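These are my notebook entries on a single chain fold.

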Amino acid sequence: MNEKWNVLFIAEDKSLLDSNTPVFNQVFNKVDKALGTPETLRLIDSNQYDIIISDISVEVLEGIILLKEIKEKKPEQAIFALVTEQDSDKLYLIANLGIHAFELSPTDFDLALEQIANFDPYAQEEE
């Protein structure tokens, strides 16, 4: 695929996922990074993103609440949630919100980003 997407990455303060990984710049067109709900909502309101990726590996329930709010504001928005193995029980809840989820360890983060980069966020709208 030749398309490179504009992405918002919602980071977590104490995450083990490396939000400074060079893979972001290699596989996406533009990556904005947000920390916390106010900054995230401000960026969503003032920008157009193809994909939103949220690290909810630390504050899973807070992250799910934020993603639910985003989904209510922008129902067609492609969203991916990244959770760690100890929170795999939350995957069903996340999927019920219409949000894609990856269960991963910190060492799999770059691979997950590469997989997300191959996703066409607009293919679903045509169905």
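The entries below follow that order.

**Basis.** I worked on a predicted model, in which local features need pLDDT of at least 70, side-chain atom pairs count only at pLDDT 80 or more, and totals for chains, interfaces and linings use all residues. Residues are numbered from 1 along each chain as its sequence is written, and side-chain values use heavy atoms, with hydrogens and water left out.

**Sheet.** I took helices (H or I, at least four residues) and strands (E, at least two) as DSSP runs, numbered from the N terminus. I counted two strands as paired if DSSP finds at least two bridges between them. On that basis I found an open sheet of five strands, ordered E2-E1-E3-E4-E5, with parallel pairing. Its edge strands are E2 (30-35) and E5 (100-103), each of which pairs on one side only. For angles I used axes as lines fitted to C-alpha atoms, for helices over the stretch in contact, with values from 0 to 180 degrees between N-to-C directions. Neighbouring strands of this sheet are turned by 20° against each other on average, direction ignored.

I then noted which helix packs on the sheet. Helix H2 (residues 37-46) does so, touching E1 (6-11), E2 and E3 (51-55); contact here means heavy atoms within 4.5 Å. The direction of H2 makes about 145° with that of E2.

**Strand pairs.** I went through the pairings one by one. E1 and E2 are parallel over six bridges, and Val 7 has Val 31 in E2 as its bridge partner. E1 and E3 also run parallel, joined by four bridges; the partner of Phe 9 in E3 is Ile 53. E4 (residues 78-83) pairs with E5 in the parallel sense over four bridges, with Leu 82 opposite Phe 102 of E5. I also checked burial in E1: five of its six residues are buried, where buried means under 20% relative accessible area, exposed over 50%, and partly exposed in between (1.4 Å probe, protein chains only).

**Aromatic rings.** I counted rings of Phe, Tyr and Trp (its six-membered ring) as a pair if their centres lie within 6.5 Å, with planes under 30 degrees apart stacked, over 60 edge-to-face and the rest tilted. The whole structure holds seven aromatic pairs. One of them, Phe 24 with Phe 28, is tilted, at 6.3 Å centre to centre and 40° between the planes. Phe 24 is buried, at 1% relative accessibility, and Phe 28 is buried at 1%. Both belong to one aromatic cluster, together with Phe 9 and Phe 109.

**Ile 51.** Ile 51 counts as buried because its relative accessibility is 0%. Ile 116 lies 65 residues away along the chain, yet the two C-alpha atoms are separated by 8.6 Å.
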